[in-house]
Structure formats: C-alpha cells, structure tokens
Amino acid sequence: MAEPLLRLRGITKRFPGVVANDGVDLEVYPGEVLALLGENGAGKSTLISILYGLYRPDEGEILLGGQPVHITSPRHALELGIGLVPQHPLLVGRHTVAENLALGVGARLFPAQRIVPLIEKIAGAYGLHVDPKAHIHTLSPGEKQRVEIVRSLLGGARILILDEPTSVLTPQEAEALFTVMRELRTAGKSLIFISHKLEEVLGISDRITVLRRGKVVGGLPARDATKASLAELMVGRNVSFERKRKVPKLGGVLLAVQGLRAKSARGLDALRDVSFQLRAGEILGVAGVAGNGQSELVEVLSGLRKTSGGTVTLDGRPISANPAQLFGAGVAHIPEDRIGMGTVPSMTVAENLALREYDRAPFARGLLTVPRQLDANAKSKVQEYAVATPSIHTPSRLLSGGNIQKVILARELSGVPKLILAVHPTYGLDIGATEQVHRVLLEKTYQGASVLLVSEDLEEILSLSDQVAVLYHGELKGPFPVESVTHESLGLLMTGGAA
C-alpha cells in the first residue's frame, strides 16, 4: 500500500472539563474516501477544526506527505492542500459564483472574469456543472455545495473534508455528489467523509474510522462493515434500525388548515393555498428543499407569524399569533433554529430546560426561582436524554449542536403535548440519539399526540409518517398515504416534478 498522504499521531485536544480528542491516530491515503464516524461529542468536529487550522492540538503531530506540519489557519490549511466543504455553504448570496470564488484568490480587486476559465476547467474535469455567472441565491443546496468543492479545488486541495454533505440534499442531488466524489477519488484526491447516514457511508467509502468519546475505537475496510456493526462501534451497544410504525389509533381532527396563505419576511408569497388535516395520534411528514415555505408554515402554527389568508384551527378553535397561548393549548415546538429560537445561549442547561414553565410552580415562588427544583428537573432530563454537558449549570452556548438539540427535545417533549411541531428533530444527531428521538415521537402519538414532522431526511419521513406531503414554492403537494410514495417520487416532487 502507498504511504499515507496525511497521518495524525496522538492528537489530543482539551477544553475545560472535556477531552475532545484523546490520542487520536488517523491515516488518509491518496485516492481514497475515508469515512469518519462518531456520536455527537465524539470529537469529529474538533478533529476537523484541527486539520483546518481552527484549533491547535495540545499534543500529537500532523504529517503531510511524511513531513510534520503545524496548521495555523484555514488559509494555511488550503495552502498545504487541505480543503473543507462545510455543512452549510459559506457563500455571499448576492454575488455570482465567479465573484464568490474570486474572494479566495487574494487579490484586492475581484478578478471574477479572469477566473471564469479556471472555474469551467475544474468544473468540467470533475463533472461539477457550475455556472460561473449564476447568483448564489438562485442555486439549490446541491449547486451551492458544488461551488464549495470548486473553491477548494481552485485553491489546490489534495485532501477534501466533506462535513455532512448530504444533510440538505434530495436523493437525486446526493447521488450526483457521490458521482463527483468518485471522479475526485479516481483523480487521486483524498476525501474525508463525515455523515450519520450509514447507508451512504457503506456505499461510497473505502475505509471507515470510528470515534467514541474522543478516542478511535475502530477502523476497518468498508467492505467488512455493516450498519449494525458500525452503529455498535459508535454508541457501544446494539442499535435497532427497525422503525415499524404500529397501526395508529387515530382520533378526531386535531389540526385543520384550509387555504392558508402567508408572506415571507421579504413580503413575498411563502405559503399559497395550503390545506391539510391532522388527526390525533397521526404523523404528517412534510418534505421539501429548504426555503420552500416550511419555516413559514411552522411559524404560523406556533404563533410566530400572521397569516394573510385562510384558516387554522386547533381542537376546533382558531389559533392566533400568540406563542404563549399556543403553548398553553398543548403545542410543543422543536424549532429549526436551535440556538436562536430553541435556547437562550447565555442561560444554563438547567434554566433552558425549564423555559416553558420558568415562571410557574414548582420552578418559581412569586418573583423568585427555586434552584432546587430547577436542578432536580435538569438532572432528570439530562439523564433521560443523555445530554453530554460538563454540568447542568453550564451555559448552553458551550454545548455541541447535537446536545443543544437534546436540551430542546427534553424540554418540549416532556409532559403530554397535543401537537408537536418537529422541525428537523434529529438534524445533526448521531445514530443512538436519533433512535431515541424517533422512539419518543412514536410514544407520544400512541398517547394521542399529533406530529407535524418537517424534515429533509426522507428516510426519517418515510419510516415515521402516516401521511407525507411536499412543499414546493409554497404549494403543498399531497398529503399522500406513506405507502404510496418512495424516495425517488418524493425527490422529484421536491424539485418541482411529478410523483
């Protein structure tokens, strides 16, 4: 076997109260796809940040082409041939593709026209299909991702780190990405692929390395792995992939939406004549590429956005733009923006877990909070939802994204909600946490709760839902019985085609 292009030896990184990476050894060879797996908090993000020059390791060394290197910044990483394709593209929406890519050239003036031939050459070589003249805000998530790949290749990247690259892609876009990855591998590029989707990992990777609690706990060829074996390495126990939905005992109509219209923050039509019904005990999955009206729909149903037409009733009563009133009526909200809307970053984990009833007994007496009750509530929920936090008194801003999501889930799914608005409830969560969230959502429906599940993960929608609908340009296609749709048909609907 050839010598590794990249080798990590004994990489250790500590933060207050946490050893994020603990003596990590890793090798990446030319012309291979190495999958890096692990639960939330396993140390993947820290390791990537070290490779990309955002953090410095406390111990250990990095060898590139057999030579020790000290990566001091993202620019230095790219100069060394290490590029990052981030989970959320870092592009300027008002500028064109060429203008965005020119920003990384280092010139004082935008040499956008001068780099167009380079963009076209690289895009053509790897089947990336990028239009240099297109404005970023007009591109789909898959197209934006291809722009990020071109950016790294323009910078001379030999090693590409792809962080959850398929999290917001349709099945068709994901397959197109895998085609590009295979082209890059054939050209001798090395790829580090990070994903929670084990089917994708097994389908595209050559080798797999698994982290757990900051340490490498396994490394094996992809051909020798299975979903079950990888999940067990990641979480340290057997994980069930069966999501068989029991035949639900449906009650009467809990939520009725008729002819709903709403404007976006820019005053454009975000929802156009949307109609559906949701019965007690039922799960309606709503799929769609981000920006097609999902956010506005949930904001209307959670009291955060006024309608411009149509009616919405909960238990037969019209709802109003009043979140507190809806909370009191039994609406639980797992928001898309877990930091801006789901938590208060400066508050502790214990305080965030009590936000729904912060000013009421047992958490408050008059104007004063009861620390003992706050702590008891937090300890119970942290244990139940396996929130990885140094302390219940740690500010939530210091937690990983996945653990912030667990805090929100623990708070919102406690008690007996009537309607659960679940927006990307497992986004960024690991296999074990996803299994737990799905189980809790199903249990709530068996207790009579209704769930509006908004997700870009089609596997999640198809495994949990009773009915499925797609939002495209503000119009709702469906709902359809879940048995009548497939990944492929939903993917077509998400891009404006016919099922």
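**Exercise 1. Helix 9 and what comes after it**

Solution. Step one: go to the end of helix 9, where G303 follows with a positive phi, near 85 degrees. Helices here are DSSP runs of H or I with at least four residues, strands are runs of E with at least two, and both are numbered from the N terminus. This is a predicted model, with local features needing pLDDT of at least 70 and side-chain atom pairs counting only at pLDDT 80 or more, while totals for chains, interfaces and linings use all residues. Residues are numbered from 1 along each chain as its sequence is written, and side-chain values use heavy atoms, with hydrogens and water left out.

Step two: look at the helix itself. Seven of the eight residues of helix 9 (residues 294-301) are buried, so the rest of the structure largely encloses it. "Buried" means under 20% relative accessible area, "exposed" over 50%, and "partly exposed" in between (1.4 Å probe, protein chains only). The buried ones are Q294, E296, L297, V298, E299, V300 and L301.

**Exercise 2. Helix 16 and its cover**

Task: Find out which residues of helix 16 are buried and what covers them.

Solution. Start with the helix, residues 487-494: S489, L490, G491, L493 and M494 are buried. Next, look around them: the cover includes helix 6, helix 15 (458-464), strand 13 (283-287), strand 21 (467-472) and strand 22 (475-481). Finally, check the residue after the helix: G496 follows, and its phi is positive, near 90 degrees.

**Exercise 3. Two aromatic pairs**

Task: How many aromatic pairs does a search of the whole structure find?

Solution. Rings of Phe, Tyr and Trp (its six-membered ring) pair if their centres lie within 6.5 Å; planes under 30 degrees apart count as stacked, over 60 as edge-to-face and the rest as tilted. The search turns up two pairs.

Take F15 and Y55: their centres are 5.3 Å apart with 65 degrees between the planes, which makes the pair edge-to-face. F15 sits in strand 1 (residues 6-15) and Y55 in the loop between helix 1 (44-51) and strand 4 (59-64), so the pair ties together parts that are 40 residues apart in sequence. F15 is partly exposed at 31% relative accessibility, and Y55 is partly exposed at 33%.

Now F178 and F193, also edge-to-face: 6.4 Å centre to centre and 90 degrees between the planes. Helix 6 (residues 171-186) holds F178 and strand 8 (residues 190-194) holds F193, so this pair links parts that are 15 residues apart in sequence. F178 counts as buried at 8% relative accessibility, and F193 counts as buried at 0%.

**Exercise 4. Salt bridges**

Solution. The rule comes first: a salt bridge is a side-chain nitrogen of Lys or Arg within 4 Å of a carboxyl oxygen of Asp or Glu. By that rule the count is 15.

In the E61 and R9 bridge, the closest N and O atoms are 3.0 Å apart. E61 lies in strand 4 and R9 in strand 1, so the pair ties together parts 52 residues apart in sequence. E61 is partly exposed at 31% relative accessibility, and R9 is partly exposed at 39%.

Then take E59 and R14, where the closest N and O atoms are 2.8 Å apart. E59 is in strand 4 and R14 in strand 1, so this bridge connects parts 45 residues apart in sequence.

**Exercise 5. Strand pairing**

Task: Do strand 11 and strand 14 run parallel or antiparallel?

Solution. Two strands pair if DSSP finds at least two bridges between them. Five bridges join strand 11 (residues 253-263) to strand 14 (residues 309-314), and the two run antiparallel. V257 stands opposite V312 in strand 14.

Move on to strand 15 (residues 317-318), which pairs with strand 14 in the antiparallel sense over two bridges. There, P318 is the bridge partner of T313. Strand 14 and strand 15 form a hairpin with two residues between them, and D315 in the turn has a positive phi of about 55 degrees.

Notes. Contact = heavy atoms within 4.5 Å.
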